[in-house]
Amino acid sequence: MKQYFRNEIIIKKNTQINQVFKIVKGHIINAKQTRIYKPNDYLFIEQIFYNPKTLDDYIALDLVAGEWINKDEIKNDFYIILSKMYQQEKNHNELLSINDPLIKFSRYLYFEYQNKQITSFYLTMGIKDLATYLNISNLSEILHFLVNQKIITKHNKLFNILDIDKLEELAY
């Protein structure tokens, strides 16, 4: 297991990629700050075969621990992971195209419900990071509204969806 400290560069731009990095603990951001990678994410799996050079510097946001997996060790399981990552990127792009912050956040919660198939889940990032990820400036107001409408409950990073039908109605 390899560890990186806060603000440490994990890999520099234009470095030859011959390994995939699985994050076990911590968060990584690219230098352009367009994506935050979290535990259980795989860095470079989407580009190791077609674009073998890193597109940006990758920096540890906090203490990061993970394992490097050689290209020749990649098994079919990684294609399942890759398809999930692709779906998450597709969902993220869809969310960013929505202008209404209530619809955007409701759809985000609905996507989380669909992905996890449970109505109770923990956020893997803080509220500020989530607001940045979704490009929502008034996320606390939206959370307050959804709690008051008894659609969700929130305790720190634990979210419970109380009324999935109302949430879906708001999301679409």
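This is a short chat about a predicted model, with two of its residues in focus.

Trainee: What should I know about the numbering and the model before we start?

Mentor: Residues are numbered from 1 along each chain as its sequence is written, and side-chain values use heavy atoms, with hydrogens and water left out. The model is predicted, so local features need pLDDT of at least 70 and side-chain atom pairs count only at pLDDT 80 or more, while totals for chains, interfaces and linings use all residues.

Trainee: OK, V20. Where is it?

Mentor: V20 is in strand 3, residues 19-25; strands here are DSSP runs of E, at least two residues.

Trainee: Buried or exposed?

Mentor: V20 counts as buried because its relative accessibility is 0%. Buried means under 20% relative accessible area, exposed over 50%, partly exposed in between (1.4 Å probe, protein chains only).

Trainee: What does V20 touch?

Mentor: Leaving out residues up to four places away in sequence, V20 touches several residues, including F44, W68 and I69. Contact means heavy atoms within 4.5 Å. E67 is also on the list, and the V20 and E67 C-alpha atoms are 8.2 Å apart.

Trainee: Switching to R35. Which loop is that in?

Mentor: R35 lies in the loop between strand 4 (28-30) and strand 5 (36-37).

Trainee: And which side chain does R35 have a polar contact with?

Mentor: E89, at 3.1 Å between the side chains. A polar contact is a pair of N or O atoms within 3.5 Å; within protein, one must be able to donate a hydrogen and the other to accept it, and residues adjacent in sequence count only if both atoms are side-chain atoms.

Note on methods: Helices (H or I, at least four residues) and strands (E, at least two) are DSSP runs, numbered from the N terminus.
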